[in-house]
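Please look over the model first.

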Amino acid sequence: MYVKLISAAIQGIGAIPVYVEVHVSRGIRFSLVGLPDNAVRESHERISSALQYCGMDIPRKQVVINMAPGDLRKEGSGYDLPLSVGLMAAGEYVPAESLKDSLFIGELSLDACLQEVRGVLPIALTAREMGLKRLILPHKNAAEASVVEGLEVYGMKHLSEVVAFLKGESRPEPYGSRLDLFDEAQVVPEVDFAEIKGQERAKRAIEVACAGGHNLVMIGPPGSGKTMMAKAIPGILPPMSLDEALETTKIHSVAGKIDTRCSLLTSRPFRSPHHSISSVAMIGGGSNPQPGEISLAHNGVLFLDELPEFQRSVLEVLRQPLEDRSISIARSRYAVRYPAGFMLVASMNPCPCGYFNHPTKECVCTASQVHKYIHRISGPLMDRIDIQMEIVPLEYEQLSSVREQESSQSIRERVIKARRLQNDRFKPDKGLFCNAQMSLKQVQRYAQAEPDAYVLLRNAMEKLDLSARAYSRILKVARTIADLDASERLRTRDIAEAIQYRSLDRGTWGF
């Protein structure tokens, strides 16, 4: 007897169909082919126990299971359910006709309970693209798959429920769509800007960075509020579109970072890895490829606290993703591409002791120590950071002030208005959503300045010895500053403010 059904394999942040073929003939042998890994090979023991628990057994004949395409490595335990269903159909426990137009995915425990798996959202999207009608999967994954419209999602808790459904003995209702929750989602920031005293210049720089999607580094002494302000950034970022939410959820689903109670990520991710992180953990990859921190921060923020403490090799791998907004990982066994369109936010001390350029405390570091500390971050990487903001410590009067500070909500409204202007401006440019993403050609087209502004920029380029990349970054930031004021052309004050955000290009840092 021959039975064929459909499952899926994760590749990058997408999924490709896997056809499970079961052939039963005379003899006594069990063969599993199609390039399975150890986890798939071990499924034989789990399936055997689960079937016996349900009063069934693997056909005592020659059984050959092929997982096509044969040149694609099958990894993970998510093939337990399709393999067991194929064996049940081959053993005539369930009708083979009931497997049509369905995709199966799920892991089995020894008592036949279905366990959740990773990468369900891209699998559900693939099932819909293939024109399939049903997706049968573990109950805990049903909420995640339910965001895909046009597909009946059936979440099952036990293999016996799958058998009853395929035999027509039960008619469970498909899991309802949860897209309505996306429209109702509210952003609840960990820190509100109303809680942060003073630091008006720093708040302004953060607002500009969020309005244009610019990378930002904050340089200041310990206790000046750098980390606190960074944690407040998610509260002023614009809301995600549905396409952004789906893509972000796909990445977290493949990485196994989705809460089973959550159907769709509705707030922009904020990732803050420790400075001891490795290059592989940062960019992704490994023996079984997984998205790294830069991909988990896609459409959100990657916050690197104490930037010079990160390994030099880890920081250097950020250079290409910052430009291309994606990362391609090629190894001997695989080649995958992950999105990496993140906003980089970093904080750092100005020197090892932390008090270089401090207005009241004396720095105990030598000039060579300050120079060496700052140069842990390479020039090419620093060039890719649009806004370099110096944070000054607060005085007692500012800390003790009872004056009400501006809330994150009011700042967010201005950021959203600026982003809307950019969305309208970039409609003819496919894949362009904010000023930070502009190419040099687009900068020349959309960042036209007044004549006096160009004179100011030329003088700054000569005196600060700025690079060509810094020139482009200044114009992008100035474009965002003008957008916050709803100005079409760049004014002199826009260029002047953008130049002020190049702190590390100045000689005062011992360069």
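## Charge pairs and helix packing

R268 and E244 are both buried (under 20% relative accessible area; exposed is over 50%, partly exposed in between, with a 1.4 Å probe and protein chains only). This is a predicted model, where local features need pLDDT of at least 70, side-chain atom pairs count only at pLDDT 80 or more, and totals for chains, interfaces and linings use all residues. Residues are numbered from 1 along each chain as its sequence is written, and side-chain values use heavy atoms, leaving out hydrogens and water.

The side chains of R268 and E244 form a salt bridge, 3.2 Å from N to O. A salt bridge here is a side-chain nitrogen of Lys or Arg within 4 Å of a carboxyl oxygen of Asp or Glu. The pair links distant parts of the chain, 24 residues apart. E244 lies in helix 10 (242-254), and R268 in the loop between helix 10 and strand 11 (270-271). Helices (H or I, at least four residues) and strands (E, at least two) are DSSP runs, numbered from the N terminus.

The structure holds 22 salt bridges. Three of them are tabulated here.

| Salt bridge | N to O distance |
|---|---|
| R268 and E244 | 3.2 Å |
| E406 and R414 | 2.5 Å |
| K427 and D424 | 3.8 Å |

K427 is exposed, because its relative accessible area is 66%. D424 is partly exposed at 48%. Salt bridges with shared partners also join E323, R384, D386, R469 and R473 into one network.

E406 is partly exposed at 37% relative accessibility. R414 is partly exposed too, with a relative accessible area of 31%.

Next, the helix pair. Helix 8 (residues 200-212) packs with helix 18 (residues 408-425) at an angle of about 35°, with the axes 8 Å apart. Axes are lines fitted to C-alpha atoms, for helices over the stretch in contact, and angles run from 0 to 180 degrees between N-to-C directions. Helix 8 contributes E207, C210, A211 and G212 to the contact. Helix 18 contributes I411, R414, V415, A418, R419 and Q422. Contact means heavy atoms within 4.5 Å.

Where does A453 sit? A453 is in helix 20 (residues 451-464). A453 is buried, with a relative accessible area of 1%. Leaving aside residues up to four places away in sequence, A453 touches L490, R491, T492 and I495. The C-alpha atoms of A453 and L35 are separated by 63 Å, with the two residues 418 apart along the chain.
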